[in-house]
Amino acid sequence: MCPYIILSLLLSVVDSFFTTVDPKSEICFFDSAKSGTKMTLTFEVSEGGFLDIDVSIFGPEGKTVYTGNRESSGKYAFSAYMDGEYKYCFSNSMSKVTSKVIMFSMDIGDGSAKEDMGAVVGVQ
């Protein structure tokens, strides 16, 4: 197979995002899914402090799906348990002075990252 075709196939599947989480703040993202749809959050802290971040995933009615504290990287897969909007947050509330740069993707359904992602920032 031609190397250009392989590279093209790889680039079409990979769709990651970068975000900066300031000290004492949290940033959240939202994606919609139908019940039974596979969702996979993959993330890595690429810059800042001890390269750690708190991670949370919530279901449509606010139920906690996953919580991790001071993680450097991770991959968490689950099936949507009901139709609706799922929220995933990265919190840097433990840091007093250091911002963190996070690379992440949320794969929904067939494994390709969702392109029409919306973000809401909440500072606390």
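Trainee: What does the side chain of Ser-95 reach?
Mentor: The side chain of Ser-95 reaches the backbone oxygen of Thr-98 at 2.9 Å, a polar contact in the sense of a pair of N or O atoms within 3.5 Å, where within protein one must be able to donate a hydrogen and the other to accept it, and residues adjacent in sequence count only if both atoms are side-chain atoms. Please keep in mind that this is a predicted model, in which local features need pLDDT of at least 70 and side-chain atom pairs count only at pLDDT 80 or more, while totals for chains, interfaces and linings use all residues. Residues are numbered from 1 along each chain as its sequence is written, and side-chain values use heavy atoms, with hydrogens and water left out.

Trainee: And where is Ser-95 placed?
Mentor: Ser-95 lies in the loop between S7 and S8; strands here are DSSP runs of E with at least two residues, helices are runs of H or I with at least four, and both are numbered from the N terminus.

Trainee: Why does Ser-95 count as buried?
Mentor: Because its relative accessibility is 9%, Ser-95 counts as buried, the term meaning under 20% relative accessible area, with exposed over 50% and partly exposed in between, for a 1.4 Å probe and protein chains only. Leaving aside residues up to four places away in sequence, Ser-95 touches Pro-23, Lys-24 and Lys-100, where contact means heavy atoms within 4.5 Å.

Trainee: Switching topic, which cysteines does the disulfide join?
Mentor: The disulfide joins Cys-28 to Cys-89, with an S to S distance of 2.1 Å, and the definition asks for a pair of cysteine sulfur atoms within 2.5 Å. The pair links distant parts of the chain, since Cys-28 sits in strand S2 and Cys-89 in strand S7, 61 residues apart. The link is right-handed, with 110° about the S-S bond, and both cysteines are buried.

Trainee: What about the core, which residues have the most contacts inside it?
Mentor: In the largest nonpolar core, which has 21 residues, those with the most contacts are Met-39, Leu-41, Phe-43, Ile-53, Phe-90 and Ile-102. Such a core is a set of buried Ala, Val, Leu, Ile, Met, Phe, Trp, Tyr and Cys residues joined through side-chain atoms within 4.5 Å. Strands S2 (25–33), S3 (38–47), S4 (53–58), S7 (84–91) and S8 each supply at least two residues of this core.

Trainee: What does Ile-102 touch?
Mentor: Not counting residues up to four places away in sequence, Ile-102 touches several residues, among them Phe-17, Phe-43, Ile-53 and Phe-90.

Trainee: Now the sheet: in which order do its four strands come?
Mentor: The open sheet has the order S1-S8-S3-S6 with antiparallel pairing, and two strands pair if DSSP finds at least two bridges between them. The edge strands, S1 (17–21) and S6 (73–79), each pair on one side only. Five bridges join S1 to S8 (residues 100–108), and Phe-18 has Met-103 as its bridge partner in S8.

Trainee: Is S4 mostly covered or exposed?
Mentor: S4 is mostly covered, with five of its six residues buried. Five bridges join S4 to S5 (residues 64–71) in antiparallel fashion, and another antiparallel pairing, also with five bridges, joins S4 to S7, where Phe-58 stands opposite Lys-87.
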